[in-house]
Amino acid sequence: ILRVATEEFANNGFENTSIHQIAKKSEISVGSVYKYFDNKEMLFNYIVQEGLSMLEEMLLKLAPAEEDILLKAEKIIRTLLKFSREQPEFVKLYCSLATSGNSEFLNQLSQRIEAVSASIYTQTIAIAQETGEVRKDVNPAFFAYLLDNILMMLQFSTACPYYQERFFIYTGKTANESDDLIVEQTLLFLKAAFNFK
């Protein structure tokens, strides 16, 4: 159920996926799905939470490390790329969530998802300001928002067809084959754009 539901939500979005099609593709009855989940929202929420927990666990391991901010940024980029390549269905799911309608359910879910990265990135930048690695005249929360957008686009570019094509248009078809190149170029951009010392 979870594998099929994840694929259906990832490929069709929340609004265009039904319990009936999940049951049919899982080769089980609709009642069997409802045995575990009361409704589509609960199933979707469970799947998103699973993906979020995996990503959160990886990022939280990096957060407390006392190391150079560029080294920490490199580890975060590599972690996100690895996650995107190993769990593309969760990235597609998040991409469809990010571009879907503004229902109250989806808004609440988005806030929970974003809270993890917002906290980690803002805290990391604030610590780097204290150590003098990042200039003190930038707002850590705004800086974190811009950084997260860059990292989110990198994730989408590895798993979501539209963003993959955008990536290819800008960088060429082979650029996505080398995580080392992606990490190197992203770090060069971050260093120049955000004036890391």
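Q: How much space lies in the largest pocket?
A: Rolling a probe the size of a water molecule over the atoms shows where empty space is left. In this model, which is predicted, the largest pocket holds about 430 Å³ of space.

Q: Which residues lie nearest the centre of the largest pocket, and which elements give two or more residues to its lining?
A: Of the 14 lining residues, Ile150, Leu154, Phe167, Thr171 and Thr186 lie nearest the centre. Two or more residues come from each of helix H8 (140-159), helix H9 (161-171) and helix H10 (179-194), and H10 provides the largest share, 5 residues. Sorted by class, the lining of this pocket has 9 nonpolar, 4 polar and 1 charged residues.

Q: How many cavities of 30 Å³ or more does the structure hold?
A: There are 2, and the largest cavity has a volume of about 340 Å³. Its lining consists of 22 residues, with Leu52, Leu55, Tyr94, Ile113 and Gln155 nearest the centre. Helix H4 (40-62), helix H5 (69-86), helix H6 (88-98), helix H7 (104-131) and H8 each give two or more residues to that lining, with H4 giving the most, 6 residues. By class, 17 of the lining residues are nonpolar, 3 polar and 2 charged.

Q: What is the volume of the second largest cavity, and which element gives the most to its lining?
A: The second largest cavity has a volume of about 100 Å³, and H5 gives the most to its lining, with 5 residues. H7 and H8 are also among the elements that supply at least two residues each. The lining has 12 residues, of which Ala73, Ile76, Tyr121, Thr124 and Leu147 lie nearest the centre of this cavity.

Key
Residues numbered from 1 in each chain as written. Predicted model: local features only at pLDDT ≥ 70, side-chain atom pairs only at ≥ 80, totals over all residues. Heavy atoms only, no water. 1 Å grid on protein atoms, 1.4 Å probe; cavity = no way out; pocket = protein on both sides within 12 Å on 5 of 7 lines; lining within 4 Å. Points joined across faces, edges and corners; volume = space filled by probe spheres on them. Helix = DSSP H or I, 4+ residues; strand = E, 2+ residues; numbered from the N terminus. Nonpolar A, V, L, I, M, F, W, Y, C, P; charged D, E, K, R; others polar.
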